[in-house]
Amino acid sequence: GAADFHAFLEQARTDERWQLRFTEGLLVLVPMPDFSMPFNVIALSSTALTFFFGSLFRLTAAGRVPHWVLKKEEQPAGRKGFR
């Protein structure tokens, strides 16, 4: 368990044969910037702003009106369809 691990670390610290090495296989390569990155930033941020302001506008400016798909069509009295 934990005691074995601590014993291993203490032995590794005192042992002269152990060396800490960072090889290329252990490094994490970060993505290199290219010319498409500004486009991606603009596209993602404008999408986020559109969702935010669209929701804000829908909640404040539109009021509590039912959606146009949910509205029932009102037909004038006496008519039963189109001529």
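Keep in mind that the model is predicted.

**Exercise 1.** Work out how many helices and strands the protein has, and in which helix leucine 56 has its place.

*Solution.* Start with the count: there are two helices and zero strands. Next, look up leucine 56: its place is in helix 2, which covers residues 37-60.

**Exercise 2.** Decide whether leucine 56 is buried, partly exposed or exposed.

*Solution.* First, grab its relative accessible area, which is 39%. Then check the cut-offs: buried means under 20% and exposed means over 50%. The value of 39% falls in between, so leucine 56 is partly exposed.

**Exercise 3.** Find the aromatic pair and say how its rings are arranged.

*Solution.* The structure holds one such pair. Its partners are phenylalanine 52 and phenylalanine 53, with 5.1 Å from centre to centre and 70° between the planes. Planes over 60 degrees apart count as edge-to-face, so that's our label here.

**Exercise 4.** Which residues form a nonpolar patch on the surface?

*Solution.* Leu49, Phe52, Phe53 and Leu56 do, and together they have about 420 Å² of accessible area. As for the protein, it exposes about 9,000 Å², with 66% supplied by carbon and sulfur atoms.

Note on methods:
Residues are numbered from 1 along each chain as its sequence is written. This is a predicted model: local features need pLDDT of at least 70, side-chain atom pairs count only at pLDDT 80 or more; totals for chains, interfaces and linings use all residues. Side-chain values use heavy atoms; hydrogens and water are left out. Rings of Phe, Tyr and Trp (its six-membered ring) pair if their centres lie within 6.5 Å; planes under 30 degrees apart count as stacked, over 60 as edge-to-face and the rest as tilted. Patches are made of residues with over 30% relative accessible area and no salt bridge: like charges are joined within 9 Å, nonpolar side chains (Val, Leu, Ile, Met, Phe, Trp, Tyr) within 5 Å. Accessible areas come from the Shrake-Rupley method with a 1.4 Å probe; for residues, only the protein chains shown count as cover. A salt bridge is a side-chain nitrogen of Lys or Arg within 4 Å of a carboxyl oxygen of Asp or Glu. Helices (H or I, at least four residues) and strands (E, at least two) are DSSP runs, numbered from the N terminus. Buried means under 20% relative accessible area, exposed over 50%, partly exposed in between (1.4 Å probe, protein chains only).
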